[in-house]
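Keep the structure open while you read.

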Amino acid sequence: MSGLVRTAHRVIQTCVKSSGITGAIVSRTQTPVKRDFTRGIWHMSCSTRMDSTSASSNLLNNHSHTCSCGCGLKGLHTKDQKDEQSVTPKPLGERELVEFLTEEIVAERKAQKVKTLPTEVNGFAVKADGAEVTLTKQLKDELVTITFNVNHTVDTEDFGEDAQPEKQEFSEMRSKPQFEVDLVRGDTTLGFTCSFLQEPPSTNADEYNDIFGIDEVTLYKGEWSDKVYAVAGDVLDGYLYDLLMNLLEEKGIGNEFVQKLSDFSTAYEHTAYINLLEGISTFTIGKK
């Protein structure tokens, strides 16, 4: 089963839904997330640099008539000075972008909790390709495959309604992706689309404390296609839904595993973000 194809299809279908777990997840993941930790520091220092740049510009405007460059040396430039003046400087916007990225990359690397990504998560082997991650585990009579994409999955951890705004700015950023679970036996696949629940787990001992839920269930042979029937998790019989959740837990996909999946996804997304910043910096500088 192609996790990417199914995920893309799910997103298109759920964009038009106004209720249910999936609709809530799509709405949440499409909201842009700000990384304000270092950006605020940049703006404070940026204004100082802009003032100094403006002052330097005014100084050059009041130049001496003895030299076209305003140095006042009556044209007594050395060869090296003339060569330096012949080099076209980078536009101001590009210089500021490179300066910001340099500071941002250093700050993000200091904040990075996981320096080396693990090669397995709770017995599931990890394989990554760009933004897509695949976890696999071979059981006695079936193959368990989990796929997810880290794009647009980052959200900030809430401290609650009573939290101070200044504290919320420094809340931890976590990746909570929607993920596909495939239980493959021969040429038949029982597939689940799951996602993290927005509401925190209940403290009531009589209620389930699941941190994730089933958005969709499907069963098919061979390769998945748009013709395959699927049922939404929120319209399943309540008892059947619980039994399917128990089935996933028996396959090793319970609260503990899903929490570790989020931990791995958070670390992987952060590494990808830093690599993106470094790539933009290299592109702006002009190095290949």
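In which sense do E9 and strand E10 pair, and over how many bridges? In this predicted model, E9 and E10 (residues 230-232) pair in the antiparallel sense, over three bridges.

Now turn to strand E8 (residues 188-196). E8 and E9 run antiparallel too, joined by nine bridges. Here you can pick out Ser 195, whose bridge partner in E9 is Gly 213. As a reminder, strands of a sheet pair through backbone hydrogen bonds, either parallel or antiparallel.

Zoom out a bit. There are eight strands in this open sheet, with antiparallel pairing, in the order E1-E2-E3-E4-E7-E8-E9-E10. Strand E1 (120-121) and E10 sit at the edges with a single partner strand each, so one side of each has no neighbour in the sheet.

| Helix | Residues | Angle |
|---|---|---|
| H7 | 238-250 | about 85 degrees to E9 |
| H8 | 255-285 | about 45 degrees to E4 |

Helix H7 also lies across strand E7 (179-185) and E8. Helix H8 lies across E1, E2, E3, E4, E7 and E8 as well as E9.

Is strand E9 (residues 212-221) mostly covered or mostly open? E9 is mostly covered, with eight of its ten residues buried.

How values were computed. Residues numbered from 1 in each chain as written. Predicted model: local features only at pLDDT ≥ 70, side-chain atom pairs only at ≥ 80, totals over all residues. Heavy atoms only, no water. Buried < 20%, exposed > 50% of the residue type's maximum accessible area, 1.4 Å probe, protein only. Helix = DSSP H or I, 4+ residues; strand = E, 2+ residues; numbered from the N terminus. Pairing = 2+ DSSP bridges. Contact = heavy atoms within 4.5 Å. Axes fitted to C-alpha atoms, helices over the stretch in contact; angles between N-to-C directions.
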